[in-house]
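Hi everyone, thanks for having me.

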Amino acid sequence: MNRIYIADAALSKFGKSKDSLVDIIREAVDNLNFDLKDIDAIFLGLMNPEGFLGVGNIASYVADKLGLSGKPAVRVETASSTGAAVLFYAYATLASGIYKNVLVLAAEKMTHLDTPKTTKLIAEVIDPYERKVGVSMPSLAAMVTNRFAYENKLNIIKLQNLLFAVAEKNHYYGNFNEYAQFRKIITKEDYLKSKVISAPLRLYDCSPISDGAAAMVISRVAGDIEIIGVGQGTDKQALTKREYITHFESTRKAAKQAYEMAGIGPDSIDFCEIHDAFTPFEITGLIDTGLCDYKKIYDFYLKKECYKDGKLPVNLSGGLKSRGHPVGASGLAQVVECYRIMTGRCDKNIIPKKSDVALTQSIGGLATNNFVSILKRKSSIVKYFNIEGLKFEDKKGQDSKSLRIYTYTILNAPPEGFESPLRVVMCEREGKKFMAKYHGDVKDLKIDKRVKVLSKADGVVTVTPVKRFSLRR
């Protein structure tokens with residue numbers, strides 16, 4: 001198999017843009033220092049131009065507008081991991097020897113639509129049944145977070161400390177990223193005053209709606225930065241059909257594949273870019289890639305081991321949280337950011353003390369199609385690793401015979417067509433789970449609370465707490 005190198009990589013400015021999609025892509029391409037006459041094909045990543053822009057058959061259209069008509073062009077899509085997917089499959093064509101130089105593009109234009117419409121479009125990647133209840137990406141992320149806190153015995157104060165630590169760090173480093181949408185530092189007070197989007201997630205736990213593009217040329221011609229490992233993993237679309245929800249099996253499969261291809265393990269990674277569309281996903285991403293043990297994750301963040309001079313720098317670009325999250329672009333942008341850091345093409349305040357080996361992890365949908373990529377500086381030496389030594393610990397539910405709340409959230413910004421606040425629970429009985437609306441006192445809304453079915457209408461179940469009565473003598 002051929003070895004693959006990054007010949008060049010660049011970004012557009014991320015944020016709210018008045019430019020067209022093509023102009024945003026052109027901005028990223030114009031920032032490349034590579035003669036595009038030498039490319040053999042174009043791989044384009046866009047999550048949903050049909051929904052956001054009403055445009056289809058877009059690969060040849062973009063090629064034409066970039067002055068590259070006649071070059072083979074194809075579009076790739078895997079929801080919010082699209083940018084990582086397009087790199088993965090462009091890599092495969094070079095590794096097989098079909099092409100020598102390939103232009104990889106990833107982008108999205110989103111900000112021209114209002115938030116409820118955008119939320120609804122993004123929610124279309126969720127399982128149709130779960131979508132009928134009214135869940136969205138923030139609410140599913142919130143349910144994962146509540147279950148994670150329950151399993152790891154994190155009370156609300158500890159959970160807030162942990163989530164804020166992620167947001168604080170990413171906003172701090174985003175301040176140094178010239179391409180970032182948000183270039184401002186936040187305080188604990190800012191965080192706690194921000195709106196609760198879907199309990200326990202606040203505004204500062206959620207990445208913004210963004211426009212932006214990433215561009216990269218990968219090549220079989222030897223260069224300074226090599227792509228030494230790529231991996232992809234999938235999982236069931238419905239969260240309720242998964243045995244575990246506090247880790248993502250798709251990430252674990254992708255990580256094992258990437259590590260095995262690279263011949264290295266987590267200990268060789270100097271810094272990483274982890275998909276943080278929501279702050280808790282950065283946390284679970286570190287655990288699922290084997291970069292941090294879940295038992296040590298709280299101290300890892302509170303002791304700032306995730307900072308530039310720490311044990312493992314994480315999201316020095318500011319991550320999706322601060323740089324922005326144009327859904328089709330983010331996965332490729334993560335790799336571009338690693339390349340910029342490894343080649344010193346960024347602010348010195350985001351360059352770690354060691355940057356020979358980098359890892360990126362990208363989430364597609366609610367972790368249904370995830371990718372991991374590993375980069376290495378040409379001159380660096382890494383230690384061989386036996387992938388069989390990478391072990392993960394799983395935590396299961398109680399498999400109770402009674403119907404209980406497995407996790408929950410209160411969604412204050414539901415998708416278009418649903419009233420706010422929307423109370424959603426995931427119920428479990430004997431290992432089987434389903435989504436339901438919740439009818440009852442909020443004080444009774446807690447994990448492991450017994451519930452019963454109140455009604456079923458149009459395929460949507462509503463549950464209510466089981467009241468316990470005591471007999472008076």
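Before we start, one term: two residues are in contact when they have heavy atoms within 4.5 Å. Keep in mind, too, that what you see is a predicted model.

Now, take the contacts in the protein chain between residues at least 6 apart in sequence: 75% of them join residues at least 24 apart. How many of the residues are buried? Of the 473 residues in the chain, 61% are. The chain exposes about 19400 Å², and carbon and sulfur atoms supply 48% of that area.

What about overall size? Along the principal axes, the C-alpha atoms fill a box of roughly 90 × 50 × 40 Å. A compact globule with 473 residues would have a radius of gyration near 23 Å, and this chain has 22 Å, so the two agree.

On to the elements. The chain has 14 helices and 16 strands. Nine strands form an open sheet with mixed pairing, in the order β3-β2-β4-β7-β1-β8-β11-β10-β9. At the edges sit β3 (73-76) and β9 (271-274), each pairing on one side only. From one strand to the next, the twist averages 25 degrees.

Here is a reminder from class: strands of a sheet pair through backbone hydrogen bonds, either parallel or antiparallel. In which sense do β1 and β7 pair? Strand β1 (residues 4-11) and strand β7 (residues 212-219) are antiparallel, over 6 bridges. Within this pair, Asp8 stands opposite Val217 in β7.

Finally, find helix α4 (residues 82-95). Helix α4 lies across several strands, including β1, β2 and β3, and runs at about 170 degrees to β4.

Conventions: Residues numbered from 1 in each chain as written. Predicted model: local features only at pLDDT ≥ 70, side-chain atom pairs only at ≥ 80, totals over all residues. Heavy atoms only, no water. Pairing = 2+ DSSP bridges. Helix = DSSP H or I, 4+ residues; strand = E, 2+ residues; numbered from the N terminus. Axes fitted to C-alpha atoms, helices over the stretch in contact; angles between N-to-C directions. Rg over C-alpha atoms; globule rule 2.2 N^0.38 Å. Buried < 20%, exposed > 50% of the residue type's maximum accessible area, 1.4 Å probe, protein only. Areas by Shrake-Rupley, 256 points an atom, 1.4 Å probe, with all protein chains shown as cover.
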